[in-house]
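Work through the exercises below with the sequence and the model at hand. Try each task before reading its solution.

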Amino acid sequence: MFLAGRGAGKTRTAAEWLAWKAISNENTRWAIVAPTHADARDTCVEGESGILNILKEFGVLKDYNRSISEIFLTNRSRIKLFSGEEPDRLRGPQFHGGWFDELAAFKRPDAWDQYQFGARLGQHPQTIVTT
């Protein structure tokens, strides 16, 4: 968990961590879950410190499909965006891990529960929480 105030580098740290995990583990599935879908898209992915810029830096971004909220890497790993407002969307998908952004701001705490049920792929699923 990265618990800190504004400007501490939480977004950049989590984006770097998740990018590294997805890059170094080919053909894996990852989640980004934020309080709203707009938060996930605008801050975690497309923001200045977001994961898109990092993946482009490393030259591993194959495609970002904004309409289905999914990022595809050249090593066949995938990163899917989710909203904490719709915890039921986390029912079914499975992940090797993910990033929970601003967990303290979630209006639906069951989003964390639903995510945990799906974080079960691989030998050691991991999650970073920023708040």
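The model is predicted: local features need pLDDT of at least 70, side-chain atom pairs count only at pLDDT 80 or more, and totals for chains, interfaces and linings use all residues. Residues are numbered from 1 along each chain as its sequence is written, and side-chain values use heavy atoms, with hydrogens and water left out.

**Exercise 1. Elements and overall dimensions**

Solution. 
- Step 1: Helices (H or I, at least four residues) and strands (E, at least two) are taken as DSSP runs, numbered from the N terminus. The protein chain has four helices and six strands.
- Step 2: The C-alpha trace spans about 35 × 35 × 30 Å along its principal axes.

**Exercise 2. The sheet**

Task: Determine the strand order of the open sheet and find which strands are at its edges.

Solution. 
- Step 1: Two strands pair if DSSP finds at least two bridges between them. β1 (29-34) and β4 run parallel and are joined by six bridges; A34 stands opposite S83, and I32 opposite L81.
- Step 2: β1 also runs parallel to β5 (residues 97-101), with four bridges, and V33 has F100 as its bridge partner there.
- Step 3: The complete order of the six strands is β2-β3-β4-β1-β5-β6, with mixed pairing.
- Step 4: β2 (61-65) and β6 each pair on one side only, which makes them the edge strands.

**Exercise 3. The nonpolar cores**

Solution. 
- Step 1: A nonpolar core is a set of buried Ala, Val, Leu, Ile, Met, Phe, Trp, Tyr and Cys residues joined through side-chain atoms within 4.5 Å. Buried means under 20% relative accessible area, exposed over 50%, and partly exposed in between (1.4 Å probe, protein chains only).
- Step 2: The largest core has 23 residues; I32, V45, I51, L55, I71, I79 and W99 have the most contacts inside it.
- Step 3: The contributing elements are α1 (10-24), β1, α2 (37-45), α3 (51-58), β3 (70-73) and β4 (78-83). Of these, α1 gives the most, with five residues.
- Step 4: Contact means heavy atoms within 4.5 Å. Leaving aside residues up to four places away in sequence, V45 touches I32, A40, G50, I51, L52, Y64, I71 and L81.
- Step 5: Another core, apart from this one, has 11 residues, including A31, F82, F106 and A111.

**Exercise 4. Helix α4**

Task: Which residues of α4 are buried, and why do they line one face of the helix?

Solution. 
- Step 1: In α4 (residues 110-118), the buried residues are A111, Q114, Y115 and G118.
- Step 2: Directions are taken from the helix axis to the C-beta atoms. Viewed down the axis of α4, the buried residues fall within an arc of 100 degrees, so they line one face.
- Step 3: These buried residues pack against β1, β5 and β6 (126-130). β1 is itself mostly covered, with five of its six residues buried.
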